[in-house]
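Here is a friendly walk through one protein chain, element by element. Keep the viewer open and follow along.

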Amino acid sequence: MNKKILIVEDDPDLSEVLCATFQREGFRVLSARDGDQALALVFREGPDIVVLDLMIPGPDGLEVCRKIRENALTAAIPVLMLTARAEETDVVVGLEMGADDYVRKPAAPRELVARVKTLLRRATNVPEEGERIRSFRDLVIDPARFEARVGGKNIVLTPMEFRLLYTFVGVPGRVFRRQELLDASVDPGVVVDERNIDTHVKSLRKKLGSIGEKIETIRGVGYKISDYD
């Protein structure tokens, strides 16, 4: 695979296990024990994916994720959260900060590898319909370039946000159930909480401005992008 992965984990024993696991899978592995070191490696090395523990010294995992998403050069890097926290609100906050997925500790190394490979496929694969450009009003989505532009201005999206938006714009006015949106943005066989969809839609609305306001919630059903003024 030869992808570069950054493991951010302050527990030395767990970090060693994770690093060895991904090295066996053919990854080039970087590791960090605190938030400052993690951010330095992200901006210097440009990893293909980050596995990020929430409870790390210095800037915590949430702050690290926020800074990754704020920088245009790193915003599209997939982030997989590791959390030992039991509260669902912590997971929601992490997703709102821009994490693509999460795994609760203790997690089996095999599960982590599967989740990481899924996020990498999601980040690098174009939508199923190939390289066809889609547009909606002054929004243009180019899957070949992995670009979304509003009024000519590039909007930095995470891989999951990109796939969701591409799906909405494919059929304006159509209501998509949450499960349909999961199917369009997550590989088969991977179990993802429907809350991920709600969180990424919320993020899309913020990033897209007036276009984002066109993404409507259909209570009890799902979402659509409205084709009416």
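Which residues in α2 meet which residues in α3? On the α2 side they are Gly 35, Ala 38, Leu 39, Val 42 and Phe 43, and on the α3 side Val 64, Lys 67 and Ile 68.

## The chain as a whole

Before going further, please keep in mind that this is a predicted model. The chain holds 8 helices and 12 strands. Of its 229 residues, 48% are buried. If you look at contacts between residues at least 6 apart in sequence, 58% of them join residues at least 24 apart.

## Helices α2 and α3

Back to the helix pair from the opening question. Helix α2 covers residues 35-45 and helix α3 covers residues 61-70; their axes come within 10 Å and cross at roughly 20 degrees. Angles under 35 degrees count as roughly parallel, so α2 is roughly parallel to α3. The crossing of these two helices is right-handed.

Strand β3 has a parallel pairing with strand β1 (residues 4-8), made over 4 bridges. Within that pairing, Ile 7 has Val 51 as its bridge partner. Strand β3 also pairs with strand β4 (residues 79-83), again in the parallel sense and over 4 bridges. Here Leu 52 stands opposite Met 81.

Ser 15 sits in helix α1, which runs over residues 12-24. Is Ser 15 buried or exposed? Its relative accessibility is 2%, and because buried means under 20%, Ser 15 counts as buried. Setting aside neighbours within four places in sequence, the residues in contact with Ser 15 are Glu 9, Ser 31 and Arg 33.

Pro 143 is found in a loop, the one between β7 (139-142) and β8 (147-150). Its relative accessible area is 4%, so Pro 143 is buried by the under 20% cut-off. Ile 133 is 10 residues away from Pro 143 along the chain, and the C-alpha atoms of the two are separated by 6.6 Å.

Helix α6 takes in residues 159-170, 12 residues in total. From first C-alpha to last it reaches 17 Å, close to the 16 Å expected at 1.5 Å a residue.

How many residues of α6 are buried? The count is 11 of the 12, so the helix is largely enclosed by the rest of the structure. Among them are Glu 161 and Arg 163, along with Met 160, Phe 162, Leu 164, Leu 165 and Tyr 166.

Definitions and conventions:
Residues numbered from 1 in each chain as written. Predicted model: local features only at pLDDT ≥ 70, side-chain atom pairs only at ≥ 80, totals over all residues. Heavy atoms only, no water. Buried < 20%, exposed > 50% of the residue type's maximum accessible area, 1.4 Å probe, protein only. Expected span 1.5 Å × (residues − 1). Contact = heavy atoms within 4.5 Å. Axes fitted to C-alpha atoms, helices over the stretch in contact; angles between N-to-C directions. Parallel < 35°, antiparallel > 145°, perpendicular 65-115°, else oblique. Left-handed = near helix turned anticlockwise from the far one by under 90°. Pairing = 2+ DSSP bridges.
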